[in-house]
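Subject: Structure handover

Dear colleague,

Please find the structure below, with the sequence alongside. My notes on what was found follow after it.

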Amino acid sequence: VEVDHFSFNEADGGYQILFTPQQATAFIKQAGARFKKAGLKTTFLLGDTSKTEGTVEYISAIVSDPQVLPYLGPISFHAWWSEQMPDSEFERVAMLGKKLNKEIWCGELGFDAMAWKQKGSSQNWDFALRFAKISMRMFKYSQTVVSLYWTWQNNYAIMSADTKTKYPSYYVTKQQVNYFNRNAQLVQCVSSDPSILTIASIQGRRIAIQVLNEQDTEVTVSIDGIKANHVQIISTSNNNPWEEAEADTLSGLVLKPKSISVLVLNL
């Protein structure tokens, strides 16, 4: 087995290895040279930081040494502690990726790194809604190519250990896997209401728009800028985790309160 990428997990925060950027740089240069001498293609995940905030500064300090550049793979960060953070912080990560010509990975996708201490917290609807929101913001503004939900089993399970009981976060993940997978390309999507979050993907002639209604009441929405005479609606809410419906118009679509929906259009 040849390993593509290597990292010390969350070394900026000391879980379980603590590296300053300078110490990380020194290690990468030494180990990278050893990998190369051994004929291995293994490179380092750049950063693999414990939270979004501070990622740009940590990585920028590492890449300031040009000798480290040949040994670096994708930029990786973890999305913890990002709920109150402005979207611009995600955008800074995206801009760093463009500057360094590196893919952006989210090595641990979640919102509360301590939620595992509250037994059963990942099984409720509030957890799923918060997970959906941080995911949408992270996808949209950091322009992440690879994301890893933390974790499908164990401390943030999306289903019971015997897989018979699916928690609400399972259905949010199902939306992501079905409509925002490796074959899909994110495209620009703008909402006129800040309480309604949107991201969109295109795959072949199929466009999928994920819409999160944060309001406690139903809202009616319309889609502009696309020509289609049919829309499939997949809705996940507290009362119904996976509901499918259809409509022949892109105007007057009703979103349930506190819901995550995917609107699927075939062009």
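Thr151 is found in the loop between β5 (146-149) and α5; helices (H or I, at least four residues) and strands (E, at least two) are DSSP runs, numbered from the N terminus.

Before the rest, the ground rules. This is a predicted model, in which local features need pLDDT of at least 70 and side-chain atom pairs count only at pLDDT 80 or more, while totals for chains, interfaces and linings use all residues. Residues are numbered from 1 along each chain as its sequence is written, and side-chain values use heavy atoms, with hydrogens and water left out.

Backbone geometry

A cis peptide bond also runs from Tyr15 to Gln16, with omega near 5°. Gln16 sits in the loop between β1 (5-6) and α1.

Positive phi values in residues other than glycine come next. Asp48, in strand β2 (residues 43-49), has phi near 50°, although Asp48 is not a glycine. Asp48 counts as buried at 6% relative accessibility; buried means under 20% relative accessible area, exposed over 50%, and partly exposed in between (1.4 Å probe, protein chains only). Gln143 has a positive phi of about 55° and is not a glycine either. Gln143 lies in the loop between α4 and β5 and is partly exposed, with a relative accessible area of 44%.

Helix pairs

The axes of helix α1 (residues 21-37) and helix α2 (residues 55-63) come within 9 Å and cross at roughly 45°. Here axes are lines fitted to C-alpha atoms, for helices over the stretch in contact, and angles run from 0 to 180 degrees between N-to-C directions. α1 and α2 are therefore oblique to each other: angles under 35 degrees count as roughly parallel, over 145 as roughly antiparallel, 65 to 115 as roughly perpendicular, and the rest as oblique. The crossing of α1 and α2 is right-handed, where right-handed means that the near helix is turned clockwise from the far one by less than a right angle, and left-handed anticlockwise. On the α1 side the contact is made by Pro21, Ala24, Thr25 and Ile28, and on the α2 side by Tyr58, Ala61 and Ile62; contact means heavy atoms within 4.5 Å. By class, this contact of α1 with α2 has six nonpolar residues, one polar and no charged. For these classes, Ala, Val, Leu, Ile, Met, Phe, Trp, Tyr, Cys and Pro count as nonpolar, Asp, Glu, Lys and Arg as charged, and the others, Gly among them, as polar.

Helix α4 (residues 125-142) and helix α5 (residues 168-179) have axes that come within 8 Å and cross at roughly 25°. α4 and α5 are therefore roughly parallel to each other, and α4 passes α5 in a right-handed crossing. From α4, the contact takes in Trp125, Phe127, Ala128, Phe131, Ala132, Ser135 and Phe139; from α5, it takes in Pro168, Ser169, Val172, Thr173 and Gln176. The contact of α4 with α5 divides into eight nonpolar, four polar and no charged residues.

Individual residues

Thr55 is in helix α2 and is buried, with a relative accessible area of 1%. The side chain of Thr55 makes a polar contact with that of Thr49 (2.6 Å); a polar contact is a pair of N or O atoms within 3.5 Å, where within protein one must be able to donate a hydrogen and the other to accept it, and residues adjacent in sequence count only if both atoms are side-chain atoms. A polar atom of the Thr55 side chain also lies 3.0 Å from the backbone oxygen of Thr52. Leaving aside neighbours within four places in sequence, Thr55 is in contact with Thr49, Phe77 and Val93.

Gln175, in helix α5, counts as buried at 0% relative accessibility. Leaving aside neighbours within four places in sequence, the contacts of Gln175 include Phe180, Gln210, Ile234 and Trp242.

Glu103 is in the loop between α3 (87-100) and β4 (104-109) and counts as partly exposed at 40% relative accessibility. The side chains of Glu103 and Trp105 are joined by a polar contact of 3.0 Å. Beyond neighbours within four places in sequence, Glu103 is in contact with Pro74, Ile75 and Val145. The C-alpha atoms of Glu103 and Phe77 are separated by 11 Å, with the two residues 26 apart along the chain.

Regards
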